[in-house]
Each structure stands twice: as structure tokens, then as C-alpha cells.
Amino acid sequence: MAVEVAGSVHVVPTTPGQALQHLKTKAQFQAVMVGPPVVKTHHFALHLACTQASQSEAGLFPLPGPWVGVLIPKRWARRAVTRNTIRRQIYEVARLGRDQLPQSALVVRLRSEFSRKQFISATSDVLKAAVRAELQTLLARLQASQYARPAADSPRPERGYHAV
């Protein structure tokens, strides 16, 4: 099925898994980055924003499904080949795990550098494996944080109370 949005045609899959959309505009990134990170690992932070929160954001995220953006500062990855390698790994891990992603907008931000002493090559298989492993940990923490939240209508115990 094809959907026309702002003069361009996007293909929307008819299978249960929604297509993974990429954040592209500054406004989309700003809408997601407005809050603190939801989960963190040593090298990455993940910011999350609901795409159906208000009508003002409806123009930012016109298609349903997960939206993913990547933010890799030159401060933490000086070489362009390293930034592109990390970016490709992020998009690939998100694409493979899109069925487990929330129907929201996500920004994965690099928050510290991968050691140049440990990863001498700018784009080695060892670096790719390390990035993928940490991204899978990041997404697993996201899944755990979503299911660990108590329901809004469930009673919360008072502070200091421990069930025996």
C-alpha cells in the first residue's frame, strides 16, 4: 500500500511489522530529545517520545510505526568512517528488532567514545560486534523498563513497607 505524504510517496507494509522510519528533520530530533534519556549504556543513550502525543506533533510523525534517529557527535567519533559504521549498525539493529520497538520515536545518541587503543581500525569487525552487542543491551533495557513500570491503577505500597 502506498501513502502520499507531503508530495512524496511512502510504501507502508501490509504485514504486521511496521516499516522503520528514519528521523530526518531538526524538528523531529528536537521533539524526541526534549526529555532525558530513557535508558543508557556505557556508550549510548536512548531518548524516547510518543508519536501520538498531540495534534501539534502529528505533522512531525505522519506514518505509524517506530521512528529511529541517530545522533553521533564528532566529539566522540572523530573519523567519518567510524561515525558511519556506528550509524549503520544502529539502523541495522533497529531494523532487525523493529517488532520489539515501541510505536514511538527513538533517538540513539553516542555519549562516549569507543577507545582508539582498543579499536585501532576505524571500521573493524571487532568494533561492529562491540557496537551491536551494546545496542542489543540498550534495546533489552528499554524492553525491561517498559514492562517494569507499575500499572496506573495498581495500588502502590507506602514508603518503607516491604511485603513478607
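How many helices and strands are there in the protein?

## Overall make-up

The protein has three helices and seven strands. Both element types are DSSP runs numbered from the N terminus: helices are H or I with at least four residues, strands are E with at least two. Along the sequence the order is β-β-β-α-β-β-β-α-β-α.

This is a predicted model, where local features need pLDDT of at least 70 and side-chain atom pairs count only at pLDDT 80 or more, while totals for chains, interfaces and linings use all residues. Residues are numbered from 1 along each chain as its sequence is written, and side-chain values use heavy atoms, leaving out hydrogens and water.

## Burial, surface and contacts

Of the 164 residues, 38% are buried (under 20% relative accessible area, 1.4 Å probe, protein chains only). The accessible surface is about 10,400 Å², computed by the Shrake-Rupley method with a 1.4 Å probe. Carbon and sulfur atoms supply 55% of that surface.

Contacts are heavy atoms within 4.5 Å. Among those with a separation of 6 or more, 76% link residues 24 or more positions apart.

## Strand β6 and its partners

Strand β6 spans residues 67–71, and four of its five residues are buried. Pairing requires at least two DSSP bridges between strands. Strand β3 (residues 21–22) pairs with β6 in the parallel sense over two bridges. Here His22 stands opposite Val68.

Strand β7 (residues 104–110) also runs parallel to β6, joined by five bridges. From β6 the chain passes through helix α2 (residues 80–96) to β7, a left-handed β-α-β crossover.

Conventions:
Buried < 20%, exposed > 50% of the residue type's maximum accessible area, 1.4 Å probe, protein only. Right-handed = clockwise from strand over helix to strand, strands pointing away.
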